[in-house]
Amino acid sequence: MMMPRRAQMKADAPQGGPAEAGAFAGVIADVARALESTDDPDVRIGHVVSLVRKIVPCECCALYRRTGSGPGSLVVHPEQPGADRTRLVGVLDDVLKVMEGQPAHRRPSDGHVHLALPVIGLEEIFGVLLVERMAEEYDPHHLRALSAVASQLGAYLTVERLHRQ
């Protein structure tokens, strides 16, 4: 059964009162506005990654994309020092490999709780959107919120790729 758009947004909104639902809707609208143009994609993607922290509690949010056969590209907010950035790239590269059905390294737990989703477009995995924190596990509404952003990023990266071709 199809839910009306407003009812679906309400179902996807964080649990809580109207203020939380309004904040969620505002951030999702900001994400959509940020991704309206293919001009300055790195700046736009960086802004979206920073917005995720307003709707999903985390210590950092990262988008990892493979660029051809070379090393991947990492956008992270807040910016991480060298060792943490290297750790994130390793974790995200392994997550991307698993999503693509490839063998990955087994890493010992680093104490972080991760929530990672593929960013998909044109039937291809463009990358991985991840949030992490040291506290308790994520709730289903956090997954729904991150999924909404991953979906918008997938559509944006598809348009951006087609624009470049």
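**View 1. Helix H4 in the lining of the largest pocket.** Helix H4 (residues 82-99) supplies the largest share of this lining, 5 residues. Helices (H or I, at least four residues) and strands (E, at least two) are DSSP runs, numbered from the N terminus. The model is predicted: local features need pLDDT of at least 70, side-chain atom pairs count only at pLDDT 80 or more, and totals for chains, interfaces and linings use all residues. Residues are numbered from 1 along each chain as its sequence is written, and side-chain values use heavy atoms, with hydrogens and water left out. The largest pocket has 15 lining residues. Nearest its centre lie Val 91, Asp 94, Arg 107, Pro 108 and His 114. A pocket is an open set of points on a 1 Å grid over the protein atoms alone, where a 1.4 Å probe fits, with protein on both sides within 12 Å along at least five of seven lines; lining residues have an atom within 4 Å of a point. The volume of the largest pocket is about 300 Å³. A volume is the space filled by probe spheres set on the points, which are joined across faces, edges and corners. By class, the lining holds 6 nonpolar, 4 polar and 5 charged residues. Ala, Val, Leu, Ile, Met, Phe, Trp, Tyr, Cys and Pro count as nonpolar, Asp, Glu, Lys and Arg as charged, and the others, Gly among them, as polar.

**View 2. The second largest pocket.** Its volume is about 250 Å³. Of its 13 lining residues, Arg 66, Thr 67, Phe 126, Arg 161 and Arg 164 are the closest to its centre. Strand E1 (60-66), strand E4 (124-133) and helix H5 (140-164) each give at least two lining residues. H5 gives the most, 4 residues. The lining divides into 4 nonpolar, 2 polar and 7 charged residues.

**View 3. The open sheet of 4 strands.** The order is E2-E1-E4-E3, with antiparallel pairing. Strand E2 (72-77) and E3 stand at the edges with a single partner strand each, so one side of each has no neighbour in the sheet. Two strands pair if DSSP finds at least two bridges between them. E1 and E4 share 6 bridges. Cys 61 has Val 131 in E4 as its bridge partner.

**View 4. The hairpin of E3 and E4.** Strand E3 (residues 113-121) runs antiparallel to E4, joined by 9 bridges. Leu 115 stands opposite Val 131 in E4. The hairpin has 2 residues between its strands. In the turn, Leu 122 has a positive phi of about 55°.
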